[in-house]
Amino acid sequence: MLTIKHIQISGEEMIYASPIVNYVPYADFGRCPPTLWIEPVGHVSAGTRFPLTGGTCFVMNDNGKTIGRYELGDEPSDPNVYGRNPEYRQNAVAGVIA
């Protein structure tokens with residue numbers, strides 16, 4: 001299990017536990033912010049990916065050693081707007097999301 005510390009631009013901090021972390025740098029010609037995708041334990045349904053944008057994220061292993069640091073930009077935005085979440089795209093195509 002990995003521990004993710006997300007420090008938002010406002011200074012607010014959140015701690016998550018996740019079995020996976022997926023970092024996606026700028027894409028779509030810079031329109032979409034860098035995004036760290038996680039599957040937070042106890043925050044959403046199992047297997048659901050959750051985007052972290054804006055601020056800085058630190059990823060620690062089971063021993064508490066920092067194994068990754070990600071700068072996610074100055075402005076948090078919803079990567080779903082840019083179609084970055086495959087589940088969101090599938091639901092939009094299926095008409096579940098207007």
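User: What should I know about the model before we start?
Analyst: It is a predicted model, in which local features need pLDDT of at least 70 and side-chain atom pairs count only at pLDDT 80 or more, while totals for chains, interfaces and linings use all residues. Residues are numbered from 1 along each chain as its sequence is written, and side-chain values use heavy atoms, with hydrogens and water left out.

User: How many aromatic pairs are there?
Analyst: The count comes to 2 aromatic pairs, where rings of Phe, Tyr and Trp (its six-membered ring) pair if their centres lie within 6.5 Å, and planes under 30 degrees apart count as stacked, over 60 as edge-to-face and the rest as tilted. One of them joins Tyr16 and Phe50, whose ring centres are 6.0 Å apart with planes at 50 degrees, so this pair is tilted.

User: Switching topic, which residues make up the largest nonpolar core?
Analyst: That core has 9 residues, namely Leu2, Ile4, Tyr16, Leu36, Ile38, Leu52, Cys57, Val59 and Leu72, a nonpolar core being a set of buried Ala, Val, Leu, Ile, Met, Phe, Trp, Tyr and Cys residues joined through side-chain atoms within 4.5 Å.

User: And what lies over the face of Trp37?
Analyst: Arg49 does, at 4.6 Å from the ring centre, the rule being that NZ of Lys or CZ of Arg is within 6 Å of the ring centre and within 35 degrees of the ring normal.

Terms used: Buried means under 20% relative accessible area, exposed over 50%, partly exposed in between (1.4 Å probe, protein chains only).
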